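Please look through the sequence and the model before reading on.

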Amino acid sequence: MAGGRFSRSDSIADMMPEALRQSRYHMKRCFQRYVARGSRLMKRPQLLEELHTDDKQQQLDVAAQGFLGYVISSTHEAVVLPPHVNLAVRTNPGIWEYIKIHSADLTAEQITPSQYLKCKEILHHDHEEELLEVDFGALDDLISTPRLTLPSSIGNGMHLVSRFMSSKLATTAGPLLHYLLKLTHRGHNLMVNGTIIDTVSKLQAALLLAEAFLAGLHGTTPYQRFEHRFQECGLDRGWGATAEACRETITYLSEVLQAPDPTNMARFFSRVPSVFNIVIFSIHGYFGQDKVLGMPDTGGQVVYILDQVRALEDQLLQRIKQQGLLDLTPRILVLTRLIPEASKATKCNVELEPIHNTRHSTILRVPFRTEDGKDLPHWVSRFDIYPYLERYAEDSCAKILDMLQGKPDLVIGNYTDGNLVASLVSRKLGVTQGTIAHALEKTKYEDSDLKWREMDHKYHFSCQFTADMIAMNTSDFIIASTYQEIAGSKDKPGQYESHYAFTMPGLCRFATGINVFDPKFNIAAPGADQSVYFPSTLKQKRLTDLHPQIEELVYSKEDNDEHIGYLEYRSKPVIFSMARLDKVKNITGLVEWYGQNKRLRDLVNLVVVGGLLDPSQSKDREEIEEINKMHSLINKYQLKGQIRWIKAQTDRTRNGELYRCISDTKGAFVQVYNQPKGDNILARSSRLMLFIKISANLVIYCCTFQPAFYEAFGLTVIEAMNCGLPTFATNQGGPAEIIVNEVSGFHINPLDGKEASNKIADFFQKCKEDPMYWDKMSTAGLQRIYECYTWQIYATKVLNMASMYGFWRTMDKEERQAKQRYIQMFYNLQFRKLAKNVPEVGEQPEQPAAAA
Ligand code: UDP
Ligand code: LCN
């Protein structure tokens, strides 16, 4: 503690004596109040509330300035076991300290995560001294895995890895030579010829020779012209397509061999031809290109992967061209499950489906097999999928080897099931593994670890969290969409961070699950397909043919099985929202806030897209509840005339144009002349009003609203921003990071509907007063997207990761094996047993929740 201020390096337990001198009286009162109500688990809001219970002003001062306030406001939760209060304190993202405080004498002692978790188990009346305790961190310490130190560096693991590898290579460059000697593609040797070059000094000599020779050539000279000279030096193809490209690659490597530094390491590895074939696992949902959005368990993950594949293929082709290997073709396979009973429209019952707008990428569907070897015909919820995964991994492995005629260079998993299978396949084939979560289920349900037993029959979290732990720890690198996904924010732990230390009483205690300071974490944010989602101002690209359909979808007056409600005054601005209709997306919350806010209702119309309209048509329990709630809210607040509720839309090309039609007034205005069907006097007169308004140069503003209680990333947010729509989105999760509040959009608090709806009303008011405001926000949103959220940036980062981590995994191989064996044992003894407990086939279980 310096000058009475607390810094992150100060241990709270160490600071306690000094702090006691400052305010013994308040601390004692506070801790005695906590223990007065007996044993319990207290969360931060409750801890703060009880801190302020009496002596309000005085206590507030203490809370705001003193040590007690610092500790309590940094405490995530506390286990009260009188006379002790055990605190889990999070002073900064990723930094946890566990402290046991005696409520009477205020002695404080630092305890281990394991000791803290045991207290939680006692509280839960479920403590077993001999409970299986897993500590992945202990193994990482054994193999001296480097760790990031600053919370601000979390998610930038590549940087540390390149520094770490530089320092290792400074001692000996042997591992790099060995790695290069093994580079091949379909039997063709690449870069270094092992029969001529077998030592680092020979490699350095060859590079010198090649560099001298290249100095005499024009930069654009194609590789073929000097290939024979390269071969004489012992250098094979892959250095570059031209003399200039070869010279650059050689310089980067020479620098690395001479005095390794992270910059040249990163540059060199971005040039190495190490990735041609990629396998991506996304198993559970209806994975396809047509009519799948809106199906159970199928959401943004499918959109993400299809766009990701296109971006990766483009990037691979670009690299292959730059490497001078044009005759080699990349291959990307997306492995999902074949669902024999899937509706024909979805193609989910077809084994192979080429991916649109790619040349070398395919969806490969492999069926689930039951224990007796039969193909499982029907869809299985992602929560019940565990018994099938091991057989699936074996079957898909065989198919992959067959389709690629060899091993892939990189395997990427998506979500728990895909990541577990990716771990099994990458272990079996010995290839680099990347992990993507999209959403980690543990954080979605409060205390789902502690209360796993109550939920297990429905959600099988025992399997899911075990599988997550296995996959995260096996994986060579983890791709996150945002910083918050890894390490949350100042006040809230991240999704991965919440797996640092947790216990599932009676099952397993994770003394260290995953550490967010591990350099395997990297941020690569997705984008939105810019051929589909582009600003409304790009007139020449607009899909005007779709306008009559969109006009009908948004503005026709009658209810049908695709839409309900109508917009009486279409000259009003529009708030637009699109999401799956499940609880966490909170579309019903938005409708309720709108219903309750008269000012907002007077100012704007509401258009929402999501779910089915008829509850009897849905199979999803949560969706059914939300559908019923939508109907009752529309009735309760008499919203007809102000709301249009459109059922889930699966045509994303049309969705792109829909965003734009909502966004641009002139586009909507053009429709005025196009719509004779269902015309009536009211409609005509309102269109006339619109015409008059626009003629008088008054613009109709609109915006998108994303009100989710929690959003892991939020593709709809970046889709809307790509179309130039000012966007209001939840401050819980990814959108809080995508949008810079009041600069490129707005944050709203989904727990405070009144404030959120007033914020939006203020926005529309401001747009009325300042005609430039809407344009300003729209442009700032687009700028944010172009700078940070494009698939091109994503693909470059991910292929660099594959290359760099692909090399890293070859270093310290033996040491890493210790951890792999530990994980393998955990898989065999724990996961398999748990997966066996999940019923295999039979009646379709009740569907627990909507998609990831
Ligand atoms: N989507 C759609 N039709 C709908 C609702 C959503 O096409 O009726 C698309 C939406 O455009 C986005 C994806 O589904 O591409 C949803 O992704 P997001 O990340 O917003 O949420 P998720 O559903 O994955 O939780
Ligand atoms: C799952 C979610 O819940 C969304 O927030 C993400 O945007 C989507 O996956 C794609 O990663």
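Two strands pair if DSSP finds at least two bridges between them. Helices (H or I, at least four residues) and strands (E, at least two) are DSSP runs, numbered from the N terminus. This is a predicted model, in which local features need pLDDT of at least 70, side-chain atom pairs count only at pLDDT 80 or more, and totals for chains, interfaces and linings use all residues. Residues are numbered from 1 along each chain as its sequence is written.

Strand 4 (residues 95-102) and strand 5 (residues 108-111) run antiparallel and are joined by four bridges. Isoleucine 101 has alanine 108 of strand 5 as its bridge partner. Five residues lie between the strands of this hairpin, where leucine 106 takes a positive phi near 60°.

Helix 20 (residues 587-596) packs with helix 22 (residues 621-636) at an angle of about 5°, their axes being 10 Å apart. Helix 20 is therefore roughly parallel to helix 22 (angles under 35 degrees count as roughly parallel). Axes are lines fitted to C-alpha atoms, for helices over the stretch in contact, and angles run from 0 to 180 degrees between N-to-C directions. The residues in contact (heavy atoms within 4.5 Å) are as follows.

| Helix | Contact residues |
|---|---|
| Helix 20 | Ile587, Thr588, Val591, Glu592 |
| Helix 22 | Glu626, Lys629, Met630, Leu633, Lys636 |

Confidence is given by pLDDT, the predictor's confidence in each residue, from 0 to 100. The protein chain has a mean pLDDT of 90, and 92% of its residues reach 70 or more. Over residues 1-8, however, the pLDDT is below 50.

Technical notes:
Chains lettered and ligands numbered in written order. Heavy atoms only, no water. Parallel < 35°, antiparallel > 145°, perpendicular 65-115°, else oblique.
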